[in-house]
Amino acid sequence: MQTVETLNEGLKRAYTLTITAAEIDSKVDAELKRVAPQIKMPGFRPGKVPANLVRKMHGPALTQDALNTAIQEGIQTLIAEQRLRPAIQPSVSLDEGFEIGKDAEIKVALEVLPDVPAPAIDGLKLERLMVPAGEAEVDAQVAKFAEQQKKWDDAAEDHAAAQGDLVTVDFVGKTEDGVAFEGGTGTDMGVEIGSGRLIPGFEDQLVGVKAGEERVLNVTFPADYPAENLAGKPATFEITATKVQTPGETVIDDTLATSLGLESLEQLKGLLKGQIEQELNGLTRTHMKRKLLDQLAEGHDFEVPPTMVEAEFDQIWQQLQHEATHEADPAAAIEEMEKERDDYRAIAERRVRLGLLLSEIGQANGVEVSQQEMNRLISQAAQQYGPEDRQRFLQYVQQEPMAAAQLRAPLYEDKVVDFLFEKAEITDREVTREELQAAIESEDGFASGTHVHNHDHDHEGHDHEAHDHGHDHADHDHAHGNDHAEPALDDSAEPAADEAVAAEPVKKAATRKPAAKKVKPEGEDAEAPAEAKKPAKKSAAKKTEA
């Protein structure tokens with residue numbers, strides 16, 4: 001095989017590989033010897049079919065297989081001899097004029113990983129903002145549990161429903177022309193007036209209703225309602241109130257804990273305190289990680305593969321486009337995005353550079369993901385599939401090294417970050433939850449996102465994680481009523497505060513147009529595009545910082 005370099009510009013490389021006809025024919029002969037004993041042909045005993053007849057019958061297929069094998073071997077030889085570290089899967093094309101019996105000319109184009117300068121990790125200084133889990137916060141969580149467990153007492157027959165009451169209704173939803181719409185009919189749905197679970201106006205119009213009373217409620221579906229045929233449209237709900245109940249007294253004692261399967265109220269408080277501490281520790285880590293990445297980014301600047309940046313930018317842009325559809329004014333949101341396209345591309349470049357940098361630090365300092373840890377990751381990932389698909393997933397991970405690399409990268413990144421935390425000089429400062437959250441939300445600039453690239457697994461090309469950046473509508477749980485379709489639910493609610501924990505902030509513009517909502521940070525482990533992991537929920541269109 002002959003190799004000629006045709007491009008060496010920055011991180012781009014291109015080569016022409018010439019595989020001679022003799023090399024291809026040699027592989028055909030080898031394949032012929034392998035398969036000939038298995039060929040059956042009338043008039044010949046098994047395994048005794050002459051090689052020339054086998055070649056005549058199966059020659060084109062054998063030649064194609066031999067050529068494919070030669071190309072793969074040629075690329076691996078090229079990578080080894082040129083000491084290449086591909087950043088992406090090489091682009092390979094066969095010369096259009098190739099004919100069987102002639103030399104094959106192969107064009108190979110790829111981008112390589114840059115030579116990352118020795119990372120400067122000495123002298124890192126970080127501040128750890130600590131928030132104690134106070135008793136008041138624990139008590140507030142206990143009160144929420146008590147609220148969820150509250151009992152309802154049947155009201156008197158002439159009782160008019162008020163705020164805080166539970167009204168059980170049968171309903172039929174109709175469009176403005178009087179036609180019942182799909183999924184708009186249900187029975188025995190419990191509606192807690194004032195809970196805010198249903199679309200605006202629905203609950204308020206139940207105030208004053210009595211058991212047995214019929215009413216027609218006039219509502220307008222939110223503009224971002226999931227059902228496109230209803231979004232922004234007026235509708236009516238013909239309801240019959242079958243029952244009105246008032247909230248019973250909520251008592252916070254050991255009985256509350258035992259109703260949850262626990263032994264005592266103290267045990268419940270202990271569990272809740274542990275959860276709060278875990279959440280606060282997550283916020284603390286988020287802030288520290290951002291500051292760490294800021295220091296690394298400020299101290300290192302090197303060229304990154306354009307294709308990796310483009311792939312990362314595409315993921316960011318697709319997320320923003322999807323989220324823009326859930327804004328009050330999608331067109332204005334998209335217009336604002338377009339004005340800041342260059343900013344988002346810079347974010348993508350930063351993500352890729354930080355990922356390469358973290359990977360280099362991990363490689364240089366012996367950070368590894370053990371086989372035991374990998375087995376646990378694979379097992380956890382397999383649980384999202386049914387029994388039949390689970391086995392296919394396990395086989396896929398075993399057969400596709402890049403699939404395993406995608407699972408490995410988030411944990412690998414976390415371990416590198418932990419290593420750097422150990423190296424850094426850390427000072428502690430006690431703050432309130434509000435101060436910590438304000439510190440996280442106030443950080444502007446390109447302070448987030450990484451694109452971990454594990455060099456040990458890169459010769460087969462680079463794959464990007466398919467982040468689920470879609471808009472997650474809140475899934476409201478109804479403690480009352482059955483599981484029928486409930487078109488009146490307001491699915492546009494923002495995720496809970498604990499879903500906004502982020503390792504990296506989203507970039508905030510200096511000024512905000514009305515179309516863009518306040519940015520919320522992403523999940524802490526949502527920073528490694530090269531890894532397959534379940535992303536944190538995100539609220540409506542925001543500027544994704546990396």
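This is a predicted model: local features need pLDDT of at least 70, side-chain atom pairs count only at pLDDT 80 or more; totals for chains, interfaces and linings use all residues.
1. Residues are numbered from 1 along each chain as its sequence is written, and side-chain values use heavy atoms, leaving out hydrogens and water.

2. Rings of Phe, Tyr and Trp (its six-membered ring) pair if their centres lie within 6.5 Å; planes under 30 degrees apart are stacked, over 60 edge-to-face, and the rest tilted. That rule gives nine aromatic pairs.

3. Take Phe202 and Phe237, an edge-to-face pair with 5.3 Å between centres and 75 degrees between planes. Phe202 is in the loop between strand S8 (180-192) and strand S9 (214-220), while Phe237 is in strand S10 (residues 234-247), so the pair ties together parts 35 residues apart in sequence. Helices (H or I, at least four residues) and strands (E, at least two) are DSSP runs, numbered from the N terminus. Both Phe202 and Phe237 are buried, meaning under 20% relative accessible area (1.4 Å probe, protein chains only; exposed is over 50%, partly exposed in between).

4. Phe202 and Phe237 also belong to one aromatic cluster with Phe171, Phe181, Phe221 and Tyr225.

5. Now look at helix H6 (residues 306-324), where Phe313 and Trp317 sit four residues apart, about one turn of the helix. Their rings are stacked, at 5.5 Å centre to centre and 25 degrees between the planes. Phe313 is buried at 2% relative accessible area, and Trp317 is buried at 7%.

6. Arg345 lies over the face of Phe313, 4.0 Å from the ring centre; the test is NZ of Lys or CZ of Arg within 6 Å of the ring centre and within 35 degrees of the ring normal. Arg353 lies over the face of Phe302, at 5.7 Å.
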